[in-house]
Structure formats: structure tokens, C-alpha cells
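Welcome! Here is a short tour of one protein chain, taken topic by topic. Keep the viewer open as you read along.

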Amino acid sequence: MRIATTRANGGQSMPYDLADDDEQATVPNRRLAALRREPFAESVGAALEVDSSSDVIGPPGMVLVTAGARQSWLDVTEVTNVDYAQFVRDGGMPPLHWCDTRPSLQSLWWPVVGISLVEAWQYAEWAGKRLPTRSEWLAAARGPGGAPFPWGGWDPQRCNCPEARFGGVCRVDRFPRSASPIGCLDLVGNVREWVCSEPDDPPVPPGHAWALGGSYRAACVRDGAIASSIVRAHSRLPDLGFRCALDA
């Protein structure tokens, strides 16, 4: 089955006022207009050709994940700054490091970071989605065979991890070889991701939550498997983002 690729913002309009005529636009707006026409992650196309026994076509930019007896949809990429800027324009709280409630042009296709757990939930609800559970996230990362990492054995060249020495957060399509068996990118590396807990999950202290996957600066491997950490729910960290899920 071929999973359809979409723009990083899930096909939504850019959260900026762009002039219809590029010749009449300001220089920054011309640059944004060019980004608007940019195809999202052409290099990711091959990574998103995954084997599947289902021919179900889901929401744009999402893939089907099976966790036990439960099926749901999961975003192919982390929520980007472009995505989050639309939410901010509709009244959401911008990350503290943004300038004038907008991300920099360089960072449009980077995952949004500096977002607390509550803020991630608020975005998900605004988008008509929710945060993934820990079990959904791990099922998407390990695939039906339960591999230790999305691509099989550990390989630091496949993701934006500390060993790769990339030096910081990067575009959500920068590492297409990080794709999991169902086609999700950057479940390991780039930024850690908020998930919500269920009763059967390992417990966390009150006011805390799980952050999975490691990042460009936090270890991606722990005891031969995908790293996870317990983070204060109000934390706004420069290497912590999220992606969304939706009930199938």
C-alpha cells in the first residue's frame, strides 16, 4: 500500500497573509510563497512506501497504527511550527521563544518545541485530534514485529541523535531513513515527544508525563531500546515536541 504524502502542515493554509501576486508581495512574503509551493519531503516518498494489509485511506498526513486490539491514526511527522502558527493565529499561546508570535522563516518545517503537555493537548483538541498513548506510540515505532527501533537494529546515522552530531533540531523530513514500518518519521531522534499514559503503563509521579524517543541532545537509546524519560508536565524544553493521534 502506498501512503499518500502531504505537506508538513497537513494541507492547511499557511498561517501568514501572503499576497496573491508575488511581484506585489514583500520580500519575506515572496519567500513564504515559495515555501507554500514547495512539495513536502519528496525524499520521504520512498520511506513512506510501506507494507500494509489494509487499503484504508485515512486522514491526510496520518497512518494507521494497531496497538493490541485498538486501531488509530498517527501523524507521520511531529507537529511543525507552521502547524502550530495556525493554532496561535486562532488564539493559542505561542511558544516563548518565538518572535512576535511567529516562528522564524528558517524554522517553519521544524517540529514545534517549548510546548508544555497542556499546550500540546490544547493544540490537539483544536485540530480535532488528541495526543497518542504510550502504547500507540511504541506500536508505531516498533511495528508488528516489535523491532527495538523503527528501522531494526540501532543505527545512529538514521536519525538526529547526539551521536550523529547534527547540532540541533532539523526539518521533519530531514531523516527519511528514520521511517518506522508504518511510515512515521523521527519517532526516534530530533525531538522527544509527549504521550499520555494509560492504567497499564509504568506509573509516573503526579504532575509528570512520559516523553519518548530521545532527541538531538538527549539519549535515544537506553538498555538497547528506544529511550524514554519522565518530564514535568509544565516543562517547555527546547528538544520536546509532539505529534497527534486520532481514533480510527
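## Cysteines

Let's begin with the sulfur atoms: a search of the whole structure turns up zero disulfides. Please keep in mind throughout that this is a predicted model. As a reminder, a disulfide is a covalent bond between the sulfur atoms of two cysteines.

Cys-99 has a relative accessibility of 61%, so Cys-99 counts as exposed. Cys-196, with 17% relative accessibility, counts as buried.

## The two sides of helix α3

Helix α3 spans residues 117–126, and its buried residues are Leu-117, Glu-119, Ala-120, Tyr-123 and Ala-124. These residues lie on the same side of α3 because they cover an arc of only 165° around the axis. Turn to the other side of α3 and you will find Val-118 and Glu-125, which are exposed.

What covers the buried residues of α3? The cover includes helix α2 (81–89) along with the strands β3 (192–194) and β4 (208–212). After α3 comes Gly-128, which has a positive phi, near 75°.

## Nonpolar cores

The largest nonpolar core contains 26 residues, and within it Trp-137, Ala-140 and Cys-184 have the most contacts. Strand β1 (62–67), helix α4 (134–142) and strand β4 each supply at least two residues of this core. The element that gives the most to this core is α4, with five residues.

Leaving aside residues up to four places away in sequence, Trp-137 touches Pro-132, Leu-187, Glu-193, Val-195, Leu-212, Gly-213 and Ile-226.

## Aromatic pairs and a cluster

With ring centres within 6.5 Å as the rule for a pair, the count comes to eleven aromatic pairs. In one of them, Tyr-123 and Trp-126 are 5.4 Å apart centre to centre with 45° between the planes, which makes the pair tilted. Both residues belong to helix α3 and sit three residues apart, about one turn of the helix.

Tyr-123, Trp-126 and Phe-242 form one aromatic cluster together with Tyr-84, Phe-87 and Trp-98.

## Charges over rings

Finally, two arginines are worth a stop. Which ring lies under the charged end of Arg-134? The charged end of Arg-134 sits over the ring of Trp-210, 5.2 Å from the ring centre. For Arg-174, the charged end sits over the ring of Phe-175, 5.2 Å from its centre.

Key. Residues are numbered from 1 along each chain as its sequence is written. This is a predicted model: local features need pLDDT of at least 70, side-chain atom pairs count only at pLDDT 80 or more; totals for chains, interfaces and linings use all residues. Side-chain values use heavy atoms; hydrogens and water are left out. Buried means under 20% relative accessible area, exposed over 50%, partly exposed in between (1.4 Å probe, protein chains only). Helices (H or I, at least four residues) and strands (E, at least two) are DSSP runs, numbered from the N terminus. The arc is that of the directions from the helix axis to the C-beta atoms. Contact means heavy atoms within 4.5 Å. A disulfide is a pair of cysteine sulfur atoms within 2.5 Å. A nonpolar core is a set of buried Ala, Val, Leu, Ile, Met, Phe, Trp, Tyr and Cys residues joined through side-chain atoms within 4.5 Å. Rings of Phe, Tyr and Trp (its six-membered ring) pair if their centres lie within 6.5 Å; planes under 30 degrees apart count as stacked, over 60 as edge-to-face and the rest as tilted. A charge sits over a ring if NZ of Lys or CZ of Arg is within 6 Å of the ring centre and within 35 degrees of the ring normal.
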